[in-house]
Amino acid sequence: MRQDRTVSSEPVEPQDISTASEAVEAVPDQAARDRYSVLVDLIQKYRVAYYNEDAPLASDAEFDLLYSELEKLEALHPELVTNDSPTQVVGGDVSVAFAAVDHVARMYSLEDVFSLEELEAWLVRAAASVEKRGGQPPQWLTELKIDGLAVNLLYRDGVLVRAATRGDGTTGEDITHNVATIKDIPQKLSGTNFPSEVEIRGEVFIASKDFAELNEKMVAAGKAPFANPRNSAAGSLRQKDPAETAKRPLSMFVHGIGAREGLSTASQSETYALLKEWGMPISPYFKVVSTLAEVMDFIAYYGEHRHDLIHEIDGIVVKVDDLATQRELGHTSRVPRWSVAYKYPPEEVHTKLLDIQVQVGRTGRVTPFGIMEPVKVAGSTVERATLHNQDVVKAKGVMIGDVVVLRKAGDVIPEIVGPVMALRELQDPPVREFVMPTHCPSCGTELAPAKDGDIDIRCPNTKSCPIQLTERVAHLSGRGGFDIEALGYEAAVALTSGPGPDPAENGGSIAPAGPGPLTSEAQVFSIAELDLSGVVVWREIRSKGEGTGRFQQVPYFYTKATSKKPSVPTKTTEKLYEELEKAKKAPLWRVLVALSIRHVGPTASRALATRYGTMAAIQEALLAPDAREQLANVDGVGGIIAEALIEWFAVDWHQEIVAAWAAAGVLMADAVDESVPRTLEGLTIVVTGTLPTLSRDEAKEAIITRGGKAAGSVSKNTSYVVAGEAAGTKLDKAEALGIPVLDEEAFIALLATGPTPAE
Ligand SMILES: NC(=O)c1ccc[n+]([C@@H]2O[C@H](COP(=O)([O-])OP(=O)(O)OC[C@H]3O[C@@H](n4cnc5c(N)ncnc54)[C@H](O)[C@@H]3O)[C@@H](O)[C@H]2O)c1
Ligand SMILES: [Zn+2]
C-alpha cells in the first residue's frame with residue numbers, strides 16, 4: 001500500500017520521555033495519543049521514502065530517535081499498539097515497478113540497540129533465556145552490519161530461480177533480472193548434493209572505492225551524486241532496466257538463510273563455510289566468540305577500522321550461532337529474538353544550512369563555507385563546513401535554507417553532501433541561491449581568478465589585505481611552520497588588527513578592524529621590539545559562569561595594571577618571545593612552509609631543503625635561466641610548484657620578508673655533515689630501477705650528502721644514470737642521450753672518489 005506523501009512542514013523534534021524500564025503503565029492522555037499518531041505517521045512516511053523511493057527524508061539518526069521514542073511510548077501505553085504499528089511490522093513494501101513475490105520463509109528486520117549498556121543487557125538476557133531452556137551458554141556469531149539492502153536468493157537444486165527484496169518481510173519485489181547482473185552472485189552453485197530448496201540471504205552493497213568512482217561518474221554525467229552507499233546500492237538494484245543495474249558496481253555478502261529444505265548444518269558459521277564451498281560470497285569479517293568481552297572487543301576493533309573496510313557499515317550484528325537455539329528462541333512479528341544490531345554513533349545527519357559565507361585564505365583564495373544549525377555527528381558538534389569553491393556549491397546543488405546531509409566520517413573533516421531535495425519546497429523562508437561575492441569581504445578589492453581558467457577566485461591585494469596577513473601569521477607559527485605555540489590564531493588576530501567595534505553593538509560577533517601593531521610578517525622576529533602593551537581584545541563579561549552579552553576590552557599580551565603591579569608581559573607573551581628565539585634555528589623546510597608560497601607544503605619544502613640545503617642556494621637556482629626546469633626536476637617538486645616558487649620569489653615584498661627574517665637571525669640553512677667528502681659537487685644523477693642493496697631513498701641521500709643533485713628525470717644535463725633491475729624508460733633515454741649508466745657497484749665507487757678523469 002502506498003502512503004500519502006505530503007510532508008508536514010512542522011519539524012518534529014524527538015521528545016524526551018521516561019525510558020521503558022522505569023515505565024509504569026499509565027492511561028494515555030490526549031497528549032500522548034496525539035504524539036503517538038504524529039510519530040506513527042511520520043515514521044511511515046519516512047519508511048516509504050527510504051524503502052520505496054531510495055530517497056530518505058530524514059537521516060538514519062533522526063529516524064532512529066523517532067523510532068525509539070515510539071517504542072518507549074508503546075511500552076508506557078501498550079493499549080496504543082496496533083497490529084500495523086511500525087514496531088510490529090517489517091518496514092518497506094512492494095513498489096508497482098516490480099512484480100510482487102512471496103518469500104518461502106519470512107524475512108525479518110533486526111532489533112537495534114544504540115549503547116554498549118543496552119547491548120550488554122540484551123546479551124545477558126538472551127543468554128539467560130537460552131540457559132533457562134536447558135541450553136549451553138551460547139556461542140555468538142559477530143558480524144558487520146553492512147550498509148546496503150537485503151536480498152533473498154532462492155536456489156532450487158543449486159540453480160538460482162528467483163531473487164527478491166525484503167519488502168514487508170512476507171512479500172518482496174522480484175528483482176531476478178537485476179540480480180543476474182551481479183557477478184558475485186552465482187547463477188548455479190558449484191559442487192553437488194544441494195538441498196532441493198534453499199533461500200540464501202545477504203546484503204547487496206557498493207564497495208567504498210566503487211562508491212567514490214560511481215559518484216564521480218554521476219556528477220560528470222550531470223546527475224546528482226548518491227547521498228550514501230546504502231541509497232546507491234538500493235537505487236542501483238531497484239532499476240527498472242536490468243541493463244542499468246549492470247552498469248553499477250554491486251557486490252554482496254551472505255548473512256543468513258531462510259527456507260532450508262534438506263540442509264543439515266548445525267550452526268550459522270558452519271553454514272557459511274558450506275555456502276562458501278558452493279561459491280557464495282561470504283564476508284571475510286565475521287567471528288565466532290563466546291564471551292561478552294570478546295563481543296565488545298569486536299565492536300571496538302571495527303569502530304576504529306570502520307573506514308578501512310571493503311564496505312561501509314553502520315553497526316555490528318550479534319547472532320546466536322547455533323541453529324537449533326535460533327529456532328528455540330524464535331522471533332517477534334518484526335525481529336528475530338536470537339539476534340541484535342548495535343549501531344555506532346551516526347556519521348551522517350541532517351541539519352539546516354543557515355547561510356553560505358566566504359572566507360579569505362592566506363594566499364588570497366576565497367572559499368565559500370556553510371554555516372549550519374549546530375549538530376552532533378561522529379562524536380563532535382559541527383556548525384561549519386567548507387564548500388571549496390563556487391563550482392562545488394553548484395555541483396552539490398545546495399541552496400541557503402536547505403536541509404542538508406552532513407557527513408563526518410571518523411576524524412575526517414565534516415562535509416556537506418547535498419540537499420534533501422524532498423524538503424526544499426517546504427522551507428520557510430524559501431531557499432535562495434548562493435551568489436559568490438565580487439569584492440573581498442576583508443579589504444573590498446575586486447576578486448578575480450589568478451589566471452584565466454582558474455576555478456578559484458582570489459583577493460589580489462595579497463600584501464595589505466588584513467585577513468590574508470592574519471592568516472599568514474597564523475600559518476607561519478603553525479605545526480608545519482615555525483611551530484610557535486604561543487602564537488595561535490587569536491594572537492595572530494590581535495597582532496594584525498585592532499579590536500573593532502563593540503560586539504554588543506555588532507550582533508555579538510567579534511569583527512576585527514584597522515591594522516594592528518604587526519603590519520607585515522617580515523616583522524615577526526622583531527615582535528619583542530614592538531609595543532604590545534596597548535593591544536586589546538574584546539572579551540564577554542561573565543557573571544557566575546554565564547555570558548552577559550556585554551563586552552569589555554582587555555589587554556591581550558600584557559597583564560592588567562593594578563595599584564601594586566604595573567602592566568607587564570604575560571607568561572604566554574614571555575613564552576612567545578622565547579619560542580621566536582628558538583624558531584630562528586628551525587630547519588630550512590619549516591622556513592619554506594612558513595612563507596605561505598602556494599602549493600609549497602611540508603612535502604615540497606622537505607624536498608627543496610634536501611636538494612638545496614640553504615635559502616641562498618634556492619634563490620640562486622631561481623636566477624638560473626633554466627630555473628623552471630631545474631626546480632621541476634627535483635624529486636617531490638614538479639612543474640606547478642616550480643612555477644609557484646618562481647612567481648613568489650619574483651615579488652619584491654616577498655623577498656623583503658626573506659631578507660628581514662635573515663637579518664633578524666633566522667638561520668635558513670640546514671647543517672651540512674662535514675665528515676662526508678663532497679665528491680659529487682656539480683653532478684646531476686638519476687637513480688632508476690631496483691638496486692641490489694641500496695634503496696632508492698638511500699641512494700638519493702648518498703648523492704645529496706656528497707653535494708650532488710638527485711634528479712627525477714633524465715635530460716641532457718644528467719651526469720649519470722644509476723640503473724638497477726627493471727629500469728624502464730629512464731634507462732632508454734640515458735642510452736639515447738649517451739649518458740653514462742652505472743650499476744650499484746660503479747655507483748658506490750663514484751660516491752667514494754667522485755668522477756675519475758678517465759671517465
Ligand atoms: N532515514 C530514514 O528516513 C529511514 C527510514 C527507514 C529506515 N531507516 C534506517 O533503517 C533502519 C531500519 O531498517 P531495517 O528494518 O531495514 O533494519 P536495520 O537496517 O536496522 O536492520 C535489518 C537489516 O540489516 C541488514 N543487515 C546488514 N548486515 C547484516 C548482517 N550481518 N546480518 C543481518 N542483517 C544485516 C539486513 O538487510 C537486514 O534486513 C533504521 O534503523 C534506520 O537506520 C532510515
Ligand atoms: Zn582582500
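Predicted model: local features only at pLDDT ≥ 70, side-chain atom pairs only at ≥ 80, totals over all residues.
## Helices H1 and H2

Helix H1 spans residues 30–52, and helix H2 spans residues 60–76. They pack at an angle of about 140°. Their axes lie 10 Å apart. Angles over 145 degrees would count as roughly antiparallel. H1 and H2 are therefore oblique to each other. The crossing of H1 past H2 is left-handed.

On the H1 side, the contact is made by Ala32, Arg35, Tyr36, Leu39, Val40, Leu42, Ile43 and Tyr46. On the H2 side, it is made by Phe63, Leu66, Tyr67, Glu69, Leu70 and Leu73. By class, this contact has 12 nonpolar and 2 charged residues, with no polar ones. An α-helix has 3.6 residues a turn, so residues three or four places apart point the same way.

## The shell around ligand 1

There are 26 residues around ligand 1. Those that come nearest are Tyr50, Asp60, Ser109, Ala150 and His255. By class, the shell has 13 nonpolar, 5 polar and 8 charged residues.

H1, H2, strand S3 (140–146), strand S4 (149–156) and strand S8 (250–261) each supply at least two shell residues. H1 gives the largest share, 4 residues.

## Helices H13 and H14

Two packed helices are described by the angle between their axes and the distance between the axes. For helix H13 (residues 466–476) and helix H14 (residues 489–496), the angle is about 135° and the axes are 9 Å apart. That makes H13 oblique to H14. H13 passes H14 in a right-handed crossing.

From H13, the contact residues are Pro466, Leu469, Thr470, Val473 and Ala474. They meet Tyr489, Ala492, Val493, Leu495 and Thr496 of H14. This contact has 8 nonpolar and 2 polar residues, and no charged ones.

## A cis peptide bond

Aspartate 428 and proline 429 are joined by a cis peptide bond. Its omega is about -5°. Proline 429 sits in the loop between helix H12 (421–424) and strand S17 (457–458).

Helix H21 covers residues 652–663, 12 residues in total. At 1.5 Å a residue, H21 should span 16 Å. Its end C-alpha atoms are 16 Å apart, which agrees.

Glycine 665 follows H21. The phi of glycine 665 is positive, near 105°. Methionine 668 also has a positive phi, near 60°, in this case in a residue other than glycine. Methionine 668 lies in the loop between H21 and strand S22 (684–688).

Notes. Residues numbered from 1 in each chain as written. Chains lettered and ligands numbered in written order. Axes fitted to C-alpha atoms, helices over the stretch in contact; angles between N-to-C directions. Parallel < 35°, antiparallel > 145°, perpendicular 65-115°, else oblique. Left-handed = near helix turned anticlockwise from the far one by under 90°. Contact = placed C-beta atoms within 7 Å. Nonpolar A, V, L, I, M, F, W, Y, C, P; charged D, E, K, R; others polar. Expected span 1.5 Å × (residues − 1). Near = placed C-beta within 6 Å.
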